[in-house]
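Q: Please take a close look at one part of this model, its open sheet, and then at a helix pair.

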Amino acid sequence: MVTISFSSQRVGQYQVTAISDGTMQASLELLSGIDLPAAEKIQSQSGITVPGDIHIYCYLIRGARRTILIDSGRGAVGELQRNLQALGVTPESIDTLLLTHAHPDHIGGLLNEAGQPAFINAQLYVHPAEAAFWLDDGQHTGNERTQRNALLVRRALEAYRPTLRLIEEPAITPDIQAVSLPGHTPGHTGYLIHSGNESVLIWGDIVHYPHIQLARPEVSIVFDHDPILAEATRKAIVEQVIRDKTLVAGMHFGESAFGYIEGDSTTGYVLRGIPQDASR
């Protein structure tokens, strides 16, 4: 029997577990604001052996009689459902889906092969600016990639329409707050879990290559809708989590699913990953 190890952190009354959806083949050439040799050097110095690939996490939150999933991965090509099964979590047991944003590696698992909701008992939460952006035909003319993505978003939102919840107020539950982090997409959203004296911020796609974009926060990726705003948001939230000593989780953190950010704006920031504390 194969034992799958999961990185999991206790946050007050909640267990927060990083669920891998696998790795997406990509290239450092997607980045701007840094030349390729410099980007490769940072990856090499950080121990990254396949410098261009991007790992994908979703996050499972269990506690207070809730089973919440943040993002749904890529769907059939991803590993989320298999890894949820390894944890003994069925799609039917998910009561809440929180979206960080609506790119395909985050919403691809919302629908099954028949185009129906994969999580039939879940309420789906999305920022209203995110929904509005993908529903606006004028935002996607002339861009085949975003047009395809817009069609996927529309199918998913329509399928979940009876249980769709637009995030009008920060509070999702008394312990979970939505945090607006625009730039990567118009409605890009993080989720702050605070329970007891413990907190974790799941910040979505603030970084895709954490070692590079923390050392050089000005570096953007081609997927950023508004690179200037994404950079400003990245710098602001990094300074905030350092100031507040907040544990951070990111959808593209790679081996370190959770960590603390250290450093400053002069020397650059670094992610200090923490070891997993649970295997399920």
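A: Start inside the sheet. In β4, Val16 finds its bridge partner in Ile61. Nine bridges join β2 (residues 14-24) to β4 (residues 54-63), and these two strands run antiparallel. Strands here are DSSP E runs of at least two residues, helices are H or I runs of at least four, and both are numbered from the N terminus. Two strands pair if DSSP finds at least two bridges between them.

This is a predicted model: local features need pLDDT of at least 70, side-chain atom pairs count only at pLDDT 80 or more, and totals for chains, interfaces and linings use all residues. Residues are numbered from 1 along each chain as its sequence is written, and side-chain values use heavy atoms, with hydrogens and water left out.

Now widen the view. The open sheet has seven strands, ordered β1-β2-β4-β5-β6-β7-β8, with mixed pairing. From one strand to the next, the twist averages 25°. Axes are lines fitted to C-alpha atoms, for helices over the stretch in contact, and angles run from 0 to 180 degrees between N-to-C directions.

Next, the helices. The axes of α4 (residues 128-135) and α5 (residues 144-159) come within 9 Å and cross at roughly 120°. The two are therefore oblique to each other: angles under 35 degrees count as roughly parallel, over 145 as roughly antiparallel, 65 to 115 as roughly perpendicular and the rest as oblique. Contact means heavy atoms within 4.5 Å. From α4, Ala131, Trp134 and Leu135 meet residues of α5 including Asn149, Val153 and Leu157.
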